[in-house]
Amino acid sequence: MRPVKKVADSLTEQQYLVRPSHINHYGRLFGGQLLKWIDEIAGIVAIRHANATVTTAAIDNLQFKAPAYEGDLIVLTGQVTYVGHTSMEVRVDTHIETIYGDHIMINRAYIDMVAINNEGVAIEVPDLLIETEEQRLEYEAAVKRKEMRKQRRLEGF
């Protein structure tokens with residue numbers, strides 16, 4: 001029987017200050033810079049869950065909901081939403097935190113991560129203990145996203 005971990009065991013939050021080097025010619029945060037931060041936090045979440053090296057297999061969904069500008073405080077929160085045999089889905093929410101402590105959602109992404117050994121071969125990961133209704137709903141949605149990813153692979157996408 002494989003070990004089991006809670007969502008909270010790998011929950012990760014990271015903050016960044018948007019600097020001039022992060023800005024595109026429109027005066028907004030580069031989408032690629034945000035994607036780099038999202039991939040990094042997804043990796044940290046997955047490493048914490050798997051207790052192993054991980055690699056990004058797919059970015060399933062990336063929705064830019066609002067821009068960020070120089071000087072904005074960006075907060076990324078990552079959590080495991082689904083666990084298969086060797087893979088994990090990680091949801092990363094990105095917010096701008098105002099000086100008053102309010103959070104404005106600017107992005108949500110789902111990343112498929114795979115645990116690997118030193119030879120790059122996929123290895124088993126701990127199972128996921130679902131403790132809340134929100135986690136159950138997220139898990140069920142992740143199962144549907146996994147099926148869609150499988151179908152896209154079969155279709156060559």
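Is Tyr 139 buried, partly exposed or exposed, and what is its relative accessibility? Tyr 139 counts as partly exposed, because its relative accessibility is 26% (buried means under 20% relative accessible area, exposed over 50%, partly exposed in between, with a 1.4 Å probe and protein chains only).

A quick note before the views: this is a predicted model, where local features need pLDDT of at least 70, side-chain atom pairs count only at pLDDT 80 or more, and totals for chains, interfaces and linings use all residues. Residues are numbered from 1 along each chain as its sequence is written, and side-chain values use heavy atoms, with hydrogens and water left out.

**View 1. Tyr 139 and what it touches.** Tyr 139 sits in helix H2 (helices are DSSP runs of H or I with at least four residues, strands are runs of E with at least two, and both are numbered from the N terminus). Leaving aside residues up to four places away in sequence, Tyr 139 touches Thr 81, Tyr 82, Val 83, Leu 128 and Ile 130 (contact means heavy atoms within 4.5 Å). Take Leu 128: it is 11 residues from Tyr 139 along the chain, and their C-alpha atoms are 9.5 Å apart.

**View 2. The open sheet.** Here 5 strands line up in the order S2-S4-S5-S6-S3, with antiparallel pairing (two strands pair if DSSP finds at least two bridges between them). At the edges you'll find S2 (12-17) and S3 (53-64), each pairing on one side only. On average, neighbouring strands are turned by 25° against each other, direction ignored (axes are lines fitted to C-alpha atoms, for helices over the stretch in contact, and angles run from 0 to 180 degrees between N-to-C directions).

**View 3. Strands S5 and S6, side by side.** S5 (residues 87-97) and S6 (residues 103-116) run antiparallel, joined by 11 bridges. Look for Val 92, which stands opposite Ala 109 in S6.

**View 4. Two helices and the sheet.** Helix H1 (residues 31-50) lies across S2, S3, S4 (73-83), S5 and S6, at about 45° to S4. Helix H2 (residues 133-154) packs on the sheet too, touching S3, S4, S5 and S6, and its direction makes about 80° with that of S4.

**View 5. Stepping back.** The protein has 2 helices and 7 strands, and from the N terminus its elements go β-β-α-β-β-β-β-β-α. Of its 157 residues, 41% are buried.
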